[in-house]
Amino acid sequence: MPRSNFFYFKKISSREAAEDILHDLFISVWKNRAFITEIESLPAYLFSSCRYLVLAHYRKEMRMQVTQGVEHLEFEDQSIPIEDRLYYRYVIDIVAKEVENLPQKCQEVFKLSREYYMSNKEIAQKLGISASTVEKHINKAIRHLRTATGHLFHFVLFF
């Protein structure tokens, strides 16, 4: 592996993730090639870009770990009363059902956002739509889920 790859490879435990970061870095350089002459120090630019991509990778990993921790809460934490765990499972099932009831494009955008942790920009590129359209689909899905599950959370306020 070339010497310049060592910086980010040391920071990322997965070789595949490190290769993805390198790939994203090259794509970024290619997309901004018209401005490359304006860069005072190309090594500093590459280092900073790489650092940003590594941080973005860790933020995405952290979001995934938090979500996965919440999803498995019912099985791991036996100190939570069985009624609460069952109610949690019930709510999760209702939300999953309601996501399946969304219009197809809205459902696809919402799942890419919430299950695959893609940014609005990434979703827009993948689906060939604008970032504002992605945001509208996500907002529509969230409004639908709030409406469909709102009655479930009023119960909690009384106890």
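Author: A salt bridge is a side-chain nitrogen of Lys or Arg within 4 Å of a carboxyl oxygen of Asp or Glu. By this rule there are two salt bridges. The model is predicted: local features need pLDDT of at least 70, side-chain atom pairs count only at pLDDT 80 or more, and totals for chains, interfaces and linings use all residues. Numbering runs from 1 along each chain as its sequence is written, and side-chain values use heavy atoms, leaving out hydrogens and water.

Reader: Why is the contact of R15 with E19 called a salt bridge?

Author: The closest N and O atoms of R15 and E19 are 3.1 Å apart. The limit is 4 Å, so the pair qualifies.

Reader: What separates R15 and E19 in helix α2?

Author: About one helical turn, because they are four residues apart in helix α2 (residues 15-31). Helices here are DSSP runs (H or I, at least four residues), numbered from the N terminus.

Reader: What makes K111 and E100 a salt bridge?

Author: Their N to O distance is 2.7 Å. K111 lies in helix α6 (residues 104-114) and E100 in helix α5 (residues 82-100), so the pair ties together parts that are 11 residues apart in sequence. E100 is partly exposed, at 44%.

Reader: Why are I12, A17, A18, I21, L22, L25, C50, L53 and V54 called a nonpolar core?

Author: A nonpolar core is a set of buried Ala, Val, Leu, Ile, Met, Phe, Trp, Tyr and Cys residues joined through side-chain atoms within 4.5 Å. These nine residues make up the largest such core. Both α2 and α3 give two or more residues to this core. The largest share, five residues, comes from α2. Another core, of eight residues, lies apart from it; V109, M118, V134 and I138 are among them. In soluble globular proteins, nonpolar side chains tend to be buried together.

Reader: Which element gives the most to the lining of the largest pocket?

Author: For the largest pocket, α3 gives the most, with nine residues.

How values were computed: Buried means under 20% relative accessible area, exposed over 50%, partly exposed in between (1.4 Å probe, protein chains only).
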